[in-house]
Amino acid sequence: MIRVEGLTKVYTSGLIKKTYNKAVDSISFEVESGRTLGLIGESGCGKSTVALMLTKLLEPTSGKIFLDGKDVSRIRGSELKQYHRDVQIIFQNPENALDPRMKIKNSILEAIRNYHIVPKGSASERDLLNELMMMVGLQQEHLDRYPWELSGGQIQRAIIARVIALNPKVLVTDEPTSMLDVSVQAQILTLLKELQKEHGFAMLFISHDLDVVRAMADDIIVMNHGQEVERGSVDSVFLSPQKEYTKNLIKAFYYENEDNSGGIEVATDK
Amino acid sequence: MKNKNDRKLYIGGTILFVLLLLVAFSGPLFSKGDIINTDNATQPPSLQHLFGTDPLGRDVLSRSFIGMRLSLLLGFIAQLICFVIGVIVGSISAYFGGILDKAFVFLQNVILSFPSMVLIFCISMLLGTGVFSMMVALCIFGWLSYARLTRSQVRALKDAAFIKGAKAVGSSTFAIIFRHIVPNVIRTVVPMFTLMIGHAVLGIAGLSFLGFGVQPPNAEIGLMIRDGMTYIRTFPWLFVFPGLVLAVYSVLLNVVSDALQDRLDIHDSANISSI
Amino acid sequence: MDSILTLKNVSTTFNSRDGYVKAVSGVDLDIAPGEIVGLVGETGCGKSVLGQTILRLTPSTATTEGSIIFNGEELTGLTEEQLQEIRGRRIAYINQNPSESLDPVMNVGNQIMESIILYENISKKDAYEKAKDILKSLSFEDPETIMTKYPVELSGGMKQRIMVAMAMCGRPPFMIADEPTKGLDALIRGQVIDSLRRFIDYAHCAGLIITHDLKFARVICDRIALMYAGEIVEIAPKDELFTKPLHPYLDGLIASMPQNGMKVIEGMPCSLIELPSGCRFHERCRYCTEQCEQIHPGMVKPSPDHEVRCIRYD
């Protein structure tokens, strides 16, 4: 379904003496329809940069992206617009993920109207909105609310509604529940799983929460400093991690060093 | 979170301001302001003339409102021009960035490096003293604040997740600017507009007081205060009451600006979850 | 009583635009010297407000009722000046947002030294040595370099550990930490936990740790109190809380964790402005009876140190 080869992003700074900072260093992977690839790592490891490049919100320095076997690395104009429809993204922070001045209805309609999915202002447009609300577990009355009148979980549902309206082939989720409470997280993740089963999109699931990735993904890639550290099926990576970094990450996440109160072996300060 | 007392102040202040605005603009309909009657000169405040009369026998109260009306009108026009220029320049500067942004910022710094009073004197020399040169001078400085605020707002908005989200659902650059960025910027710039009208009114009064700007025999509040100065020992009402009127309007404009900010500030209006 | 901090029927209400928000209602809590109590709950349950209430750090729109007794002294009646003496020196407060709490224009060394001089009244040179020792004891590798840094030059985890260092200076007998690990990655979080532990050992202090992270609470606390809609609904020793959860809400919370299958708790937390009648959880509870809708349950003690607010255990 979607495949990337050697995706790289280098930031340069300085005018004369240039310094290079490799945010993402030749990452390659492939996700099939209905499957979920988890991308885990600490903040600053480049996983969000991968998400932005994959959704073409950020130009990669090098590397290729293939959608359905077609090279889409250099597309522009209407092809790019179609790509934006096929590859959707859900961001981390629900608080600023929707325009605070727009009613939920209008934020969702923005997506629907951009692709002329149903005639503007028609009855079928209203039906579609209601159907979407039902699908993500919101009420019709939420359509007329503003984002700040909803809770984080409700906003995240509204965003899922907007994404699902476009019927994407690939869904990228960048820490979709890290700002939410655990009970709300359960609701959102369950919803995403159900929708995936129904619509069959491929999913790239980015998170630093190992439990969440474990619950969501089929395969995972562990990233550190922009590079791939380890990859494999969820069970193989969690149960028998090969690399030292992965082992440390898992230990720290599950507080495995914590039972003996005292020294904790952790990565040292810079 | 603002409490209820603040809101009472906002509502009361706004109502009072609107009333006073109506008075200032409808006043001339039933005014005795410019009636010269030397028999009635320099009367102290009385029931008939609440603020007394001036050396030509004109009613100070109605002249104050007439003077205020002119200042408000000029202030409004000046700020409207500044608003439009500032918002456009600030948006372009921030959204497209690069060399254009650098050029605009440089221009702003150049203007700011001039002492404003000196520049205003120079303009008055070049264009002659009067309303026109005063307005030019006010505009040259006025748009800077809008441009700066807009620029910083747009720069912050450009990276907001909802802008990326709009891009990701296929919205064009044009749609993003006019559907998302402009309305969100207006929200913070409009309260500034009201605040700046207050500043401009004070500026106009100040310039007229100094002899630039509005010229006699027009009634203008700064001008009246200047004339009143001459009689400050003998007929203090000529100085005190116009000054008081000016102060009341300026304070109310500030209150209205705060009220607008409170109304338009989204994050303040509902969020209890932040507690 | 030998407890260091006793809260009796503490309630905090905010006067907001939409009405009175009952953020904390009727909280009773006893903390023994040297005991670390975790206060856990979801967004808006009032846990942070309770922490702020103890030191009267709540916004001006808040009113507090009830009694807060620290070391035999009633805090609610104290003047602002008297409280100032207690804040930091006797009760340390570690904010969830270290970036807001550190002065951006002063290097962290000077900020730590400032606290030391304030609490101990010693010379600048001694304070410098002491600051170095404290940082060393928190296993900072190179304390002298760290002390020359400004807050912007440090990562979130580092700033949080500096906050811990500053709180340590006064050797307070009690500390309140509000979400000290919020937003930190696992590896960094480990360092902050280590720093907190060393602080507790050094000052022999008791504490209240406010967090949304049940696992973190289990690692660092002795006892955990769970809050829902402004009240404590269950309190128990840390392991017992997880092995023998009693309240249906806690049950649901544990079951909704990703590793436990993400089973969803139906419904949404109730409004804190118009509280429901009876049990505050009854609308979402699968054991709800008619009685639950009418009678607001008190705390019951099914076992000596395990309390729960649910009529099923009466």
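**A walk through chains A, B and C**

Of the 314 residues in chain C, 57% are buried, where buried means under 20% relative accessible area, exposed over 50% and partly exposed in between (1.4 Å probe, protein chains only). Before we go on, please note that this is a predicted model, in which local features need pLDDT of at least 70, side-chain atom pairs count only at pLDDT 80 or more, and totals for chains, interfaces and linings use all residues. Residues are numbered from 1 along each chain as its sequence is written, chains are lettered from A and ligands numbered from 1 in the order in which they are written, and side-chain values use heavy atoms, leaving out hydrogens and water.

Let us stay with chain C for a moment. Its secondary structure consists of 12 helices and 12 strands; helices (H or I, at least four residues) and strands (E, at least two) are DSSP runs, numbered from the N terminus. Along the principal axes, the C-alpha atoms of chain C fill a box of roughly 70 × 45 × 40 Å. The radius of gyration of chain C is 20 Å, which agrees with the value near 20 Å for a compact globule of 314 residues. That radius is taken over C-alpha atoms, and the globule rule is 2.2 Å times the number of residues to the power 0.38.

Among the contacts in chain C with a separation of 6 or more, 64% join residues 24 or more positions apart; a contact means heavy atoms within 4.5 Å. Carbon and sulfur atoms hold 49% of the accessible surface of chain C, which comes to about 13,100 Å² (Shrake-Rupley method, 1.4 Å probe; for residues, only the protein chains shown count as cover).

Now to chain B, where the mean pLDDT is 82 and 92% of residues reach 70 or more. pLDDT is the predictor's confidence in each residue, from 0 to 100. In chain B, confidence is highest in helix α6 (residues 161-168), at a mean of 90, and lowest in helix α10 (residues 266-269), at 50. Over residues 268-275 of chain B the pLDDT is below 50, and this stretch has 14 contacts in the model beyond near neighbours in sequence. Where pLDDT is low, the predicted coordinates should not be read in detail.

B:Ser91 sits in helix α2 (residues 60-96) of chain B and is buried, with a relative accessible area of 18%. Leaving aside residues up to four places away in sequence, B:Ser91 touches B:Thr150 and B:Val154. A:Asn167 belongs to the loop between α5 (152-165) and β7 (170-174) of chain A and is partly exposed, at 46% relative accessible area.
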